[in-house]
Amino acid sequence: FKSEDCFKNISNNKIIFKLWKKIVTKYYIQTKKDFFILRSLRKIMLWIFRKDHFFLINYVNDKIHDFKNVYKKLNKKEFDFFFSEFDFHNPWIKSAKKNNIKVIHYPSSPKMFPNIKLKSYKPRYNLDGNLLILNSRFDYHYWKKLKIKPSIFISGYPKFDNHWIKKIIQNKKILKDNSKCTFLYSYKYNFEFYTEKQKKVMEEYINNIISIILSNKNNKIIFKLHPRTKLENLNKIIKNFSKDQIVISNKHLYELLMLCDYSLSEPLSSVFLDSLALKVPPIELFLNDILNMDKNLKLYSKLGLAIPTNNLKKFNKIINEKKKLALLGNKCVKNFFQIYKKDHNDAKKTYKYIISYFLNA
């Protein structure tokens, strides 16, 4: 684990942590003391040299991200596989290859990339591993925009396997309040990355979304915060709304979705697919339109997998037309299950493929 905070992301989730402990025998949490001199040196070099003398910075970086250091911490001689998120530039890959560790690139959360025409929209990083795992056939053309080295395997969505969902829910009796129309709001707004002007626009936008939904007393919102999202901005926004209509929860996403009628997410969120897998229609929000940023990246509505909204007027109209909202939502769920056939064990299929691929390599 990169830090104590990273470890808390899993340890605070009691259900996942319990399952994790059954299969993990050793783990290592990096502390601020680890490689302190090297990390301080890298920071100074980045500040002094900027882009010049980058080979020196790379040299220090390689010393920090060396698997031999991890072997010492875990008292282990070697690793067979290293799993690396495909949309993250991982500094450990170079060391993995030097130590003959097989590198498998994988999606950290469920994703689907339609074959859109935008030339500028392509993977952020090239991949140097041995195998690339993708969730959907839609993803293949997206990744082929780069001349990637690894072989590709379409895994499906192991996260949506029935046996996994049952482990998460743990046979709990989840009682949905049918007297209310409940919306799960996937809240992932990192205000610190925006200008002061943008922050004011965002606060007003979120306030308007909440106001439209809660204008009907029979509506309710459950906020599910991303682990790295701070609560202070949300608390500031919701303080003027009825506490009876708002819940902020740290429960597992699946548990919360089972309580809801609809979900709300910004474009590109993986919650769209989680929501559809549990037959909860997702509504695509429109902060990018308000901020005039990446307006064309509405992937899930383009595939007919999300109810599109691109301004407050349209959002207000859809939320208040219950019959139309239900029809659009049911169509999204139907479209998803035409793409994703839930009749196989994707986790087992993926595991068998990985073992077979490297045994026969």
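**Group meeting: two sheets, a helix pair and some loops**

Let me start in a loop. Lys 279 sits between helix H12 (271-277) and S9. Its phi is near 60°, which is a positive value in a residue other than glycine. Most residues other than glycine have a negative phi. Is Lys 279 buried or exposed? Lys 279 counts as exposed, at 60% relative accessibility. One caution before I go on: this is a predicted model.

There is another positive phi to show you. Phe 35 has phi near 55°, again in a residue other than glycine. Phe 35 is placed in the loop between helix H2 (14-23) and H3.

That takes us to the helix pair. Two packed helices are described by the angle between their axes and the distance between the axes. Here the pair is helix H3 (residues 36-49) and helix H4 (residues 54-64). Their axes come within 10 Å and cross at roughly 160°. Angles over 145 degrees count as roughly antiparallel, so that is the label for H3 and H4. The crossing of H3 and H4 is left-handed. Which residues meet there? From H3 we have Leu 38, Arg 39, Leu 41, Arg 42, Met 45, Leu 46 and Phe 49. From H4 come Leu 56, Ile 57, Val 60, Asn 61, Lys 63 and Ile 64.

Now the four-stranded sheet. This sheet is open, its order is S1-S2-S3-S4, and the pairing is parallel. S1 and strand S4 (151-154) are the edge strands. Each has a single partner strand, so one side of each lacks a neighbour in the sheet. From one strand to the next, the twist averages 25°.

Look at S1 in detail. In a regular strand the side chains alternate between the two faces of the sheet. Strand S1 covers residues 81-85. Phe 82 and Ser 84 are on its covered face. Phe 81, Phe 83 and Glu 85 are on the uncovered one. S1 pairs with strand S2 (residues 102-106) in the parallel sense, over five bridges. Glu 85 has Tyr 106 in S2 as its bridge partner. How does the chain get from S1 to S2? The chain passes through helix H6 (residues 93-98), and this β-α-β crossover is right-handed. At the other end, strand S3 (residues 131-134) pairs with S4 in the parallel sense over four bridges. There, Leu 132 has Ile 152 in S4 as its bridge partner.

Ser 263 has Pro 282 in S9 as its bridge partner.

Glu 203 is located in helix H9 (residues 196-214). Buried or exposed? Glu 203 has a relative accessible area of 18%. The cut-off for buried is under 20%, so Glu 203 is buried. What does Glu 203 touch, leaving aside neighbours within four places in sequence? The contacts of Glu 203 are Phe 191, Asn 233, Lys 236 and Ile 237.

Notes: Residues numbered from 1 in each chain as written. Predicted model: local features only at pLDDT ≥ 70, side-chain atom pairs only at ≥ 80, totals over all residues. Heavy atoms only, no water. Buried < 20%, exposed > 50% of the residue type's maximum accessible area, 1.4 Å probe, protein only. Pairing = 2+ DSSP bridges. Right-handed = clockwise from strand over helix to strand, strands pointing away. Contact = heavy atoms within 4.5 Å. Axes fitted to C-alpha atoms, helices over the stretch in contact; angles between N-to-C directions. Parallel < 35°, antiparallel > 145°, perpendicular 65-115°, else oblique. Left-handed = near helix turned anticlockwise from the far one by under 90°.
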